[in-house]
Amino acid sequence: MHPSRPLASAVVLSLTLLSTASFASDLTHFESPPVHPVEMSPTGNRLFVTHTADHRLVVFEVNANPPKKIAEVMVGLEPVTVRARSQNEVWVVNQVSDDISIVDVLTGRVVRTLLVGDEPTDVVFAADRAFVCVSQEDIIRVYDLSDLTAAPVEIPLEMSDPRSLALSPDGSTVYVCALDGQNKTTLVPTEVVSANGGLPAPNPPMNPARAAPPDVGLIVKHDGGNWLDEIGRNWNAFLPYTLLDNDVVAIGTSSLAVVASYQDVGTTLFNVAVHPN
C-alpha cells in the first residue's frame, strides 16, 4: 500500500484547478515584433523562419514541392531575426533573452550563445565582422568573427531605438534604421498652454451647438530655430531643448564610424533595405 500516492494526486489536482480558476482570464499574449524573420540560405535550397511565440527556428526545404519542414531548433526567448552567415551557419537574434543563438544547420543545434546586450534586434555580416543592433542601448556592437571571445567594438548612435540593419551591395556600409525616428515635434503641457493664450482656434470652426472642448496639451514643431504651433506662436520659453531626428545612419564597415545620417525619413520606421543597384 502506498498512502502517499493518492495524496500527491490530490495535491496536483487542486493546484491545477487553482491555477486555471485564478489565472486563465488574466492571460495576455505578447510577442516581440519581428525584424528580419525570414532568410534564404546562400544556395537557395533552405528557408529559415523565426517562430517568435514558440522560441524556435524553423527550417524548410524549398526544393520540395510543396516546401517541406525539415527541422525545428529551440533558440533563445522571442527570436525576431535570422541571418545566414554561410550555408551551414545561421544567427538568430533573440530580443527578450538579450542574446544571439548561433545554429549549426547540419546538426540542427545551437552551438554557441552570444550575450549581446539589452533587446537586440538585428545583425549583418561584413569585413569579417558581425554588426549587432542593440535597441535599448542605442548602440551597434561589432564582433570579430575570427574570435567571438574578444570584447566587441561599440558604436554609439544618436538615435532612439535602433531597430533594423541593411548592408550596401559592396559591403562597405551598414545602414541603421531607428524605430522611433521622431519628426521634430514635442508637447507643451496643458497648464502651460492654458496660462499662455490657450489652444489655437479650431480650423474649420467647431459647431457652436457642441460643448466646449477640454483643455489639453499642444503639439508644436521645431523649424530649425524655434518651437512653433500651427498659428506661428513661439513656445521656446517653455521648451529649452531640441530633439534628435536621425532616422537612418550609415556606418563604414572598415572605419567602424558613423559616416552619414539622414533626417526627415519618417516618424516610426520598422525596417530598411538597400536597392541592389
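This is a predicted model: local features need pLDDT of at least 70, side-chain atom pairs count only at pLDDT 80 or more; totals for chains, interfaces and linings use all residues.
Buried means under 20% relative accessible area, exposed means over 50%, and partly exposed is whatever falls in between (1.4 Å probe, protein chains only).

Residues are numbered from 1 along each chain as its sequence is written, and side-chain values use heavy atoms, with hydrogens and water left out.

**Salt bridges**

There are 11 salt bridges in the structure, each being a side-chain nitrogen of Lys or Arg within 4 Å of a carboxyl oxygen of Asp or Glu. Here are three of them.

| Pair | N to O distance |
|---|---|
| Glu61 and Arg46 | 2.1 Å |
| Glu72 and Arg56 | 3.5 Å |
| Arg85 and Glu89 | 3.2 Å |

Take the salt bridge between Glu61 and Arg46. Glu61 sits in strand 3 (residues 56-61) and Arg46 in strand 2 (residues 46-51), so this pair ties together parts that are 15 residues apart in sequence. Strands here are DSSP runs (E, at least two residues), and they are numbered from the N terminus. Glu61 counts as buried, at 16% relative accessibility.

Next up is Glu72, which forms a salt bridge with Arg56. That pair links distant parts of the chain, with Glu72 in strand 4 (residues 68-74) and Arg56 in strand 3, 16 residues apart. Glu72 is partly exposed at 39% relative accessible area.

As for Arg85 and Glu89, which pair up in a salt bridge, Arg85 is partly exposed at 38% relative accessibility, and Glu89 is partly exposed too, at 21%.

**Nonpolar cores**

A nonpolar core is a set of buried Ala, Val, Leu, Ile, Met, Phe, Trp, Tyr and Cys residues joined through side-chain atoms within 4.5 Å. The largest one has 16 residues, and Phe131, Ile140, Ile155, Leu157, Leu165 and Val176 have the most contacts inside it. Strands supplying at least two residues each include strand 9 (120-126), strand 10 (129-134) and strand 11 (139-144). Strand 14 gives the most, with three residues.

Leaving aside neighbours within four places in sequence, Leu165 is in contact with residues including Arg83, Asp122, Phe131, Ile140, Val176 and Val272, where contact means heavy atoms within 4.5 Å. A second, separate core has 15 residues, among them Trp91, Val134, Ile139 and Leu148.

Note on methods
Helices (H or I, at least four residues) and strands (E, at least two) are DSSP runs, numbered from the N terminus.
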